[in-house]
Amino acid sequence: MSTDERPEWMKSGMPHIWLPYAQMKTAAEPLPVVGSAGSTLTLADGRTLIDGVSSWWTACHGYNHPHIAAAVHAQLEAMPHVMFGGLTHEPALRLARRLCERLGPGLDRVFYTDSGSVAVEVAMKMALQYWLNQGERQRSRFVAFRGGYHGDTFGTMAVCDPDEGMHRMFGGMLAQHDILALPLDEADDAALEAHLRTHAHALAGIIVEPLVQGAGGMLLHPPRVLARLRELADRHGLLLIFDEIFTGFGRTGTMFAFEQAGVKPDIITLSKALTGGTLPLAATVASARVFDAFWSDDPTHALMHGPTFMGNALACAAANASLDLFEQEPRLAQVAAIEAALRAGLAPLAALPWVRAVRVLGAIGAVELDGIADRDGLRRRLVEAGVWVRPFGNIVYLTPAFTIAPQALQTLLAAVGEVLGAQRP
C-alpha cells in the first residue's frame, strides 16, 4: 500500500505511535486492518489475507466467534469492570473454578493478571516468597534454559536465553539466574543434575516452556524432558514452573502441554489463547503446597501484588466463553487435522538448500532457515501471495486458528511454499 493510499487515520496517527519489535526509522509500515472474520483479515484497501499466525497464536477459535462476542456483549451491559481488591464477581470466580477443573487436581489457586509476561513475573514472585515465608532468604535464583523465552519485563528477561538478541543489551542490568541446556542428552542431563546438586540451596525453582520453546525459535523437546525436570525438582526440593503462555489451550495437541508428560508443575502460567484472542487476560495457577506457604496470620506473608485490571469482568466472560467452545466444538480434533496438513505441506521445504529444519507439533509449524537477509521483503512477498505470516529471527512459522478451513490452510501452505521456494529469503 503506497503512502497516498493509506487511510486518513493512519496518515495522522503513524507519526505518534511506537510499534513493538521494530526499528521505527527503517521498518516497513504496518498494514492497516479494518476487519476480521474467521481466519481472514481485511485491509483498508479491500484486500483480504489469510492469517497464518492467529495474532501471535491467540485467536484459537478464529476471529469474531459469535459465542465469545455474545458473552462479552452481555457482560458489557451488566458490568465491564470492578477492582478486584475487596470486590469480586461471578465471571472471575467461575473461570477460576473451571480452569482448576481443566488443569486437574494439584493446581488449585488462580491469580489473574493482564499479560503473559506479568503472569510469569507473578509465578517467579510466588516461588521466591514461598521460600521467604519459610525463612529461606538465600533461595533467590532460578534455573531456566537456553532457547527459552518468558517475556519482556525485567524479571522475565532475566530467565530468557541470555544470548538471544532481543534482550542481550540488558544483560548487566538483570537479576542473575542459572541458564542451562535442557536435558536432551546424557551430557546435558548430567550437567543439570550436577548443578542442582551443588546449588539447590540457593535456588527457588525451575522454569521451562513445556514441549515448545516458542519465541526462542519454535524449538521442540520430548515429554520425557518434563518428566525428568519434575523428578529433579522433587529430588532437590525445588518448585517447578511451566510457562504455558504459548502452549496452553490446545496448541500442542492436548489441552495443556504438560498432559503429554504425565506430570504437573507447582505453578503454571496461562495467557495468549485464554480469551480466544479477544481481550487481555492471564493467569498464574498454583498448587495447594505453594498457596499454603502464604496462608498465615502474619500480614507480611500475603502475596503483595495486584494489577489494576486484575480479573477484568469482560476478559473473564470472554475466557469462559472460550472454554465453552473447547467443550462444545471439536477443537483438539481440528488441531490433529491441522498437524497432519502442516506435516504434509511443509515437509517438501526441507529439501531446499536454505532450509535447516522443518518442525511440526500440533497446530505449530516452523521452517528454520539459514538466515533471512530481508525480513520486510519476505513478509511483503507473503502478503502479495495473500497471507499474513510474520517471520522472526530465522524462523517462518505457522500457528493458524484451530477453526481454519481446510482449503484456507492449503492456500496458506501453498503460499509459504511458493515464496520460500522461489528464492533464498
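**Figure 1. Burial of M218 in the predicted model.** M218 is buried, at 1% relative accessibility; buried means under 20% relative accessible area, exposed over 50% and partly exposed in between, with a 1.4 Å probe and protein chains only. The model is predicted, so that local features need pLDDT of at least 70 and side-chain atom pairs count only at pLDDT 80 or more, while totals for chains, interfaces and linings use all residues. Residues are numbered from 1 along each chain as its sequence is written, and side-chain values use heavy atoms, with hydrogens and water left out. M218 sits in the loop between β8 and β9 (219-220). Helices (H or I, at least four residues) and strands (E, at least two) are DSSP runs, numbered from the N terminus. The phi of M218 is near 50°, a positive value in a residue other than glycine. Most residues other than glycine have a negative phi.

**Figure 2. L211 in the loop between β7 and β8.** The loop that holds L211 runs between β7 and β8 (212-213). L211 is not a glycine, yet its phi is positive, at about 75°. With a relative accessible area of 1%, L211 is buried.

Figure 3. Strand β7 covers residues 203-208 and includes G205. The relative accessibility of G205 is 0%, so this glycine counts as buried. Apart from neighbours within four places in sequence, G205 is in contact with R141, F142, V143, L238 and L239; contact means heavy atoms within 4.5 Å. Between G205 and F111 there are 19 Å in space, C-alpha to C-alpha, and 94 residues in sequence.

**Figure 4. H301 and its contacts.** H301 is placed in the loop between α9 (288-292) and α10 (313-328). Its relative accessibility is 18%, so H301 counts as buried. When neighbours within four places in sequence are left aside, the contacts of H301 are Q129, N133, A293, F294 and S296.

**Figure 5. Packing of helix α3 against α10.** Helix α3 (residues 66-78) packs on α10 at an angle of about 150°, and the two axes are 8 Å apart. That angle makes α3 roughly antiparallel to α10. Axes are lines fitted to C-alpha atoms, for helices over the stretch in contact, and angles run from 0 to 180 degrees between N-to-C directions. Angles under 35 degrees count as roughly parallel, over 145 as roughly antiparallel, 65 to 115 as roughly perpendicular and the rest as oblique. The crossing of α3 and α10 is right-handed; a crossing is right-handed if the near helix is turned clockwise from the far one by less than a right angle, and left-handed if anticlockwise. From α3, the residues H67, I68, A71, V72, Q75 and L76 meet A313, L314, A317, A318, A321, S322, D324 and L325 of α10. The contact of α3 with α10 has 10 nonpolar, three polar and one charged residues. Ala, Val, Leu, Ile, Met, Phe, Trp, Tyr, Cys and Pro count as nonpolar, Asp, Glu, Lys and Arg as charged, and the others, Gly among them, as polar.

**Figure 6. Packing of helix α11 against α13.** The axes of helix α11 (residues 331-346) and α13 cross at roughly 30° and come within 10 Å. The two helices are therefore roughly parallel to each other, and α11 passes α13 in a right-handed crossing. On the α11 side, I338, A341, L342, G345 and L346 meet L409, Q410 and L413 of α13. This contact of α11 with α13 comprises six nonpolar, two polar and no charged residues.

**Figure 7. Packing of helix α12 against α13.** Helix α12 (residues 375-384) and helix α13 (residues 406-422) have axes 9 Å apart and pack at an angle of about 135°. α12 and α13 are therefore oblique to each other. The crossing of α12 and α13 is right-handed. L378, R381 and L382 of α12 make the contact with A415, V416, V419 and L420 of α13. By class, the contact of α12 with α13 has six nonpolar residues, no polar residues and one charged residue.

**Figure 8. Cysteines C100 and C316.** The structure holds zero disulfides, a disulfide being a pair of cysteine sulfur atoms within 2.5 Å. For C100, which is in no disulfide, the nearest cysteine sulfur is that of C316, 13 Å away. C100 counts as buried at 15% relative accessibility. C316 is likewise in no disulfide, and C316 counts as buried at 0% relative accessibility.
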